[in-house]
Amino acid sequence: MACLSGWVALGGCAASAPKADPLTVGMEEHRRRFGEFELPRKVGSVVNIGVQLPTISPDGTQMLYLRSDLDVVSPMTLLGSGDPIDTPAEGTLSICLRPVAGTSPGQRITRERWAHSPMWSPAGRFMVYVAAEAGGTSIVRLDPASGGRDVLVDNDGVNCLPTFDGDDGTLLYCHGQTAWGPFEVRRQRVAEGRPVALTPRGMDCLLPVLSDGGRQVICGRVDGGRVDWALCTRESTTPILPRFSPAQRPVPLQAWAGISVPVSPDRRGFLFYDMSQDRVAVCHWADRAVRRHRSGSIAACWLANDAIALATADALFAVNVNSGVSISLLTGSWIPLRYVASTSKLYLLAKDGTSATRLAVYELAFRPAVDLRSRLR
């Protein structure tokens with residue numbers, strides 16, 4: 001499965017070095033077709049422990065990333081496993097906040113010994129993360145500017161895979177008694193008491209995407225040893241896309257291993273890696289349409305509601321998700337993390353020289369004269 005195998009979610013991709021210097025390869029092609037684009041500029045580097053992608057704030061200035069004093073961190077920790085092989089009694093797993101530019105390790109912002117799954121809120125004011133404690137896991141919302149914390153979900157069993165549901169005060173997450181399921185998807189509003197379950201009792205549901213205000217939720221549903229994307233309520237489920245991943249833990253996590261922000265800006269679609277087709281796909285849930293893009297694609301991020309930056313093992317493309325039309329941006333092995341529309345900048349990760357423990361951070365600027373969407377029609 002190319003770069004996502006072996007559970008070095010980004011580490012495997014980053015370890016596949018560009019075949020040549022990404023700043024010079026294809027320069028003439030850039031100038032011929034996209035002279036208005038800047039060449040990618042290295043702005044920093046970041047520690048890579050391989051279990052989760054760093055995540056960049058919506059304004060493109062700050063980065064959250066994981067840091068550990070252990071050599072290997074199991075992906076099962078992301079599912080809340082308390083097994084000593086997944087969450088050892090010794091060692092730390094911390095979330096750090098730092099500027100996107102530079103090489104500073106930044107500031108550790110989690111108090112707990114074992115914390116992971118950081119996610120920025122839509123407006124960028126808050127972040128959410130999972131804290132492992134004796135007997136279970138908690139979900140915490142943090143204001144990095146003030147240090148204020150809200151423990152939204154106490155450590156009652158396993159709580160994992162949190163994501164903001166459209167605003168800074170609403171979360172979706174998975175809850176179960178063990179990391180191996182079954183899970184139910186819950187929705188929690190800040191300061192509104194107990195969470196609300198959104199999926200049928202006893203069914204194994206994970207990878208929450210978004211809800212329509214708490215009535216129904218799009219998520220992964222385990223069915224017959226495979227995972228479907230489904231639209232679920234407390235009483236029923238309706239398949240959207242069948243069998244995109246095997247169900248065995250932790251395999252379903254590969255759906256977002258190369259995608260740090262799955263949901264489109266207008267919340268009408270979401271990105272995922274389709275193991276059954278070995279490529280990134282877009283699910284347009286409103287019309288129940290799924291469009292798969294380049295074979296061998298492994299990572300992507302949104303450029304606009306109808307366009308994505310899409311990476312294969314050896315090239316980066318801009319793709320219209322409706323028509324499938326694509327243009328080549330860069331050769332080499334890249335991971336697109338986030339496009340910031342207000343500054344017209346795309347942030348990327350790549351191998352940092354020969355280092356196996358750091359990733360280079362690049363900035364690709366689009367000049368204001370470029371109408372990228374018009375080129376993708």
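In this predicted model, D150 and R141 form a salt bridge, with their closest N and O atoms 3.1 Å apart. D150 is partly exposed, at 29% relative accessible area. R141 counts as buried, because its relative accessibility is 10% and the cut-off is under 20%. The count of salt bridges comes to 15.

A second pair joins R187 and D165, whose closest N and O atoms are 2.9 Å apart. R187 lies in strand β12 (residues 183–189), and D165 in the loop between β10 and β11 (170–176), so the pair ties together parts that are 22 residues apart in sequence. R187 is buried, with a relative accessible area of 16%. D165 is also buried, at 4%.

R215 and D212 meet in a salt bridge as well, at 3.7 Å from N to O. Here R215 is exposed, with a relative accessible area of 60%, and D212 is partly exposed, at 26%. Elsewhere, a network of salt bridges links R41, K345 and E363.

D154 sits in the loop between β9 (149–153) and β10 (158–164). D154 is exposed, with a relative accessible area of 55%. Beyond its neighbours within four places in sequence, D154 contacts T137, S138 and N159. The C-alpha atoms of D154 and I139 are 6.9 Å apart, although 15 residues separate them in sequence.

An open, antiparallel sheet is built from four strands in the order β21-β22-β23-β24. Its edge strands, β21 (299–304) and β24 (326–331), each pair on one side only. Neighbouring strands are turned by 20° against each other on average, direction ignored. β23 (residues 315–320) pairs with β24 over five bridges. There, A315 has T331 of β24 as its bridge partner.

Technical notes. Residues are numbered from 1 along each chain as its sequence is written. This is a predicted model: local features need pLDDT of at least 70, side-chain atom pairs count only at pLDDT 80 or more; totals for chains, interfaces and linings use all residues. Side-chain values use heavy atoms; hydrogens and water are left out. Two strands pair if DSSP finds at least two bridges between them. Helices (H or I, at least four residues) and strands (E, at least two) are DSSP runs, numbered from the N terminus. Axes are lines fitted to C-alpha atoms, for helices over the stretch in contact, and angles run from 0 to 180 degrees between N-to-C directions. Buried means under 20% relative accessible area, exposed over 50%, partly exposed in between (1.4 Å probe, protein chains only). Contact means heavy atoms within 4.5 Å. A salt bridge is a side-chain nitrogen of Lys or Arg within 4 Å of a carboxyl oxygen of Asp or Glu.
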